Amino acid sequence: MDDKYHPKKIEAEWQEVWDKEGIFKAKDDSDKPPFYILEMFPYPSGKLHMGHVRVYSIGDVLARYYKMRGHEVLHPMGWDALGLPAENAAIKDGVHPEKRTRANIESVRAQMKMLGLSYDWDREFATCDTSYYKWNQWFFIKMFEKDLVYRRSSLSNWCTGCMTVLANEQVVDGKCERCKSTVLQKEMPDWAFRITQYADELLEDLDKLPNWPERIKTMQRNWIGRSEGCELVFPVETAAVEPIQVFTTRSDTVYGATYMVLAPEHPMVKHLTTDAQREAVESFVERMGLVDKAVRTDASTDKEGVWTGAYAKNPFTKERIPIWIANFVLAGYGTGAVMSVPAHDQRDFEFAKRYEIPIRVVIQPEEGEELKLEKMETAFVEDGRLAESGEHSGLSSAEARTAIAKAANEAKQGGPTVNYHLRDWGVSRQRYWGTPIPMIHCEKCGVVPVPEKDLPVLLPPDAELTGTGEPPLAKVKDFVETTCPSCGGKARRDTDTMDTFVDSTWYFCRYLDPKNTEEPFRRDLADRWLPVDLYVGGPEHAVMHLMYFRFWYKVMRDMGLVGNDEPVDKLLTQGMVVRDSYYCEEHGYQAVEDLKAEGKEYLCGLCGKATQVRLEKMSKSKLNGVSPEAVFEAYGADTMRLFCLFAAPPEKDVEWSDEGVTGCYNFLRRLWRFFVTHRARFEVIGDLDGPVNEEHLGKDLVAFHRQVHRCIQKVTRDIESEIQFNTAIAAMMELLNASRVLEKLEPGRPSDPAAVEALRLLNFAGRSLCLMMVPFAPHFSEEVWRLVGQGGLACLQSWPEFDEAATIEDVISIAVQVNGKLRAQVDVARDASKEDMEAAARADERIEKWLTDKTERRVIVVPGRLVNFVVT
């Protein structure tokens, strides 16, 4: 062991040892209790950033800890390799997505190994492997057979320049990010999964997830958006047009519905619009297609619309009411149509005022002054008593909702129903770099699935990627033209690929059995390893990925592939890594090295103006990133890991600090010196194992012995129960500081009991510190284990044990108050009597001045907690 800490020298050596000996390969037939830990599926972008380092370090701490606690740990890694970034890059520079992706995987894998992550690399796969996406296609067909996949029409982002469909992320301010042409909403056929069939179960089963963050469950509940209400049917005057169906939670206000509003994208709009209004309507529809939906529905956005020229009939008042289209109604929510009750909905009120539409008050407050329309400045949106509501007048809102829903049902004009914000999952993508949809279109037989024996349907390697015109697969004649498996006639393959969220819905199951060619994975392996015990990832995946992930698992359960309801027991969401960025209003973001510091300001290197300093997530675009390779070169992987774990609790953001990184490096150096300093003593410790006998130790060493036990207790609790790595590391730092008491020990093998027990204490403290550091700084720990251990690898040792009795401090600190205000804290024996506590408090010189020349009325003593002097 060198006298100085050289991380680069030791880290590569230990990575080679772990890899050669297969230390982290999970055994399916082990007798140890299984523990499955997983970090969210990474996209291989080619370079890790500090956010990656943080999440993988968090997962690795837990994987290594549970291995040392006696579990058979499954900790796999693979690649969410399909998707738009690689395809866009191919369009830009002509490098095929397959080639780029494979090269990126090699690069990221090497960086992960550099970090010393304890992955079972034998289970690695990428979603672009045909052996993986074959099973995506198999699932698609099985779900088609169960009517969980269907063909529909939906609105897509259509670029008028590239003449192709764009993903949402390719649309910037209503323009194509590539050609800057206008992007319109265009109705196109696509495939969708019936996730709504599982809406109630997805909602109810959130209560089965006590180990998920409440904010994530709340986001899922809101996204599912279950609402109990009433469906109402409004007949229309236009010939051959179906009645308009609306969903409302306020059926008690139906008598106040004075107009209707459809979403501009609603398919009925073109049929309802009169010739006189067609130009205005079409112009409005086109304009709304360019506006972000979130902007349209924002409360601060002006409410605007256009009358279609058509009328509907209110099913309860029988009145003729106009049908409008407006920006605040979306086709993707509810039925895409609303009954508008301006007196009792603020949005409807503002719209009616703007366009001079009649307003009728039909709900009066239970108490207070009667509402008068001419005095109303805002809508009355609370429950109350019905007025001007025919036979339902006088009912409370709650009573009326029940009665009106019943009446609508009896009249076959609607009835009670449940609505969801959740919509079926559209999965068609007009892309190349994805899983081909395994369906065939035959003029005679319709749409039929590819036979299972013909799976996988392979991506053609020679597809032309231009980003314009037809989908890439549609341009490959040999791919498109096929025969119908039902009639043998000419047919065409589906030329869309699947949403890449499909790839990440079940990948954790494939890790159980990645080489299986007969089925996605074996059921007995699913029963052994699932659900995943701990899943680590960002909260930004709260809705999309985690919702689809849960849906797919329930489908697999219903297929008999898994035996429980939820895929993950405990979810840990980590914060971001943030750093100061520097923004110049004229030249945008600037790298810190290009700035000129002047006092507390940083001046733009191009124009000399002061920049805005913003604390933001590290990113290339903001020029505030820190390269993991640079930190590794300067300090080593263990320091980088340690900083990411120590700087903040996992769920909080980490603010990058060069000083913080240096501090973690210095801690490792000091800990290294501790072992070097005591090297001679460790060499003679030999068989000095077993519990320390405190009877032969002095007061300082007894206190240190107790601190070692308390440190083990805290680190154990902070990792396993609290998942608070920063406080665990802080406890070890404190223990290292306290270890100075051991510096007086003499080298050599002593003979007297006091010296023997002191060495035994050193052995216990050194071994415990080393083993507790294994999850945080694994390379460092392996190196020092050579000195303090008894052979083998540190990562294969059992986690250190603590004695509960030894964690109880003999001396405690109590509060001393005067008239209820804290004036001092004093130390007393844990079992001190009330009299001893009072005496100790009086003896403190800080208290004496508060009691001098005062009349004591009484003294309150709470054993083990406080002494309070009440004086006048």
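This is a predicted model: local features need pLDDT of at least 70, side-chain atom pairs count only at pLDDT 80 or more; totals for chains, interfaces and linings use all residues.
1. Helix H22 runs over residues 725–738 and has 14 residues. From first C-alpha to last, H22 reaches 20 Å, close to the 20 Å expected at 1.5 Å a residue. The buried residues of this helix are Phe725, Asn726, Ala728, Ile729, Ala731, Met732, Met733, Leu735 and Leu736. An α-helix has 3.6 residues a turn, so residues three or four places apart point the same way.

2. What do the buried residues of H22 pack against? Their partners are helices: H2 (50–68), H18 (637–646), H19 (658–677), H21 (699–722) and H23 (753–773).

3. Serine 781 belongs to helix H24, residues 778–788. Its relative accessible area is 0%, which means that serine 781 is buried. Glycine 51 is 730 residues away from serine 781 in sequence, and the two C-alpha atoms are 24 Å apart in space.

4. An open sheet of four strands has mixed pairing and the order E33-E32-E35-E34. Its edge strands are E33 (821–829) and E34 (856–862), each of which pairs on one side only. Direction ignored, neighbouring strands in this sheet are turned by 20 degrees against each other on average.

5. Within this sheet, E34 pairs with E35 (residues 866–871) in the antiparallel sense, over six bridges. Which residue of E35 is the bridge partner of isoleucine 860? That partner is asparagine 868. Helix H25 (residues 834–843) packs on the sheet and touches E32 (811–818), E33, E34 and E35. The direction of H25 makes about 65 degrees with that of E35.

6. Methionine 288 is found in helix H9, residues 278–288. Is this residue buried or exposed? Methionine 288 is buried, because its relative accessible area is 3%, and the cut-off for buried is under 20%. Neighbours within four places in sequence left aside, its contacts are Pro264, Arg296, Glu304 and Asn327. Phenylalanine 328 is 40 residues from methionine 288 along the chain, with 10.0 Å between their C-alpha atoms.

7. Asparagine 314 sits in the loop between strand E11 (305–313) and strand E12 (320–326). Asparagine 314 has a relative accessible area of 0% and is therefore buried, although it lies in a loop. Its side chain reaches the backbone nitrogen of phenylalanine 316 at 2.9 Å. Beyond its neighbours within four places in sequence, asparagine 314 is in contact with Phe234, Val254, Ala257, Glu319 and Ile321.

8. Glutamine 413 is another loop residue, placed between helix H12 (397–410) and strand E16 (414–419). Why does glutamine 413 count as buried? Its relative accessibility is 18%, and buried means under 20%. Apart from neighbours within four places in sequence, glutamine 413 is in contact with Glu231, Leu232, Val233, Pro315, Lys318 and Ala408.

Note on methods. Residues are numbered from 1 along each chain as its sequence is written. Side-chain values use heavy atoms; hydrogens and water are left out. Helices (H or I, at least four residues) and strands (E, at least two) are DSSP runs, numbered from the N terminus. Buried means under 20% relative accessible area, exposed over 50%, partly exposed in between (1.4 Å probe, protein chains only). Contact means heavy atoms within 4.5 Å. The expected span of a helix is 1.5 Å times one less than its number of residues. Two strands pair if DSSP finds at least two bridges between them. Axes are lines fitted to C-alpha atoms, for helices over the stretch in contact, and angles run from 0 to 180 degrees between N-to-C directions. A polar contact is a pair of N or O atoms within 3.5 Å; within protein, one must be able to donate a hydrogen and the other to accept it, and residues adjacent in sequence count only if both atoms are side-chain atoms.
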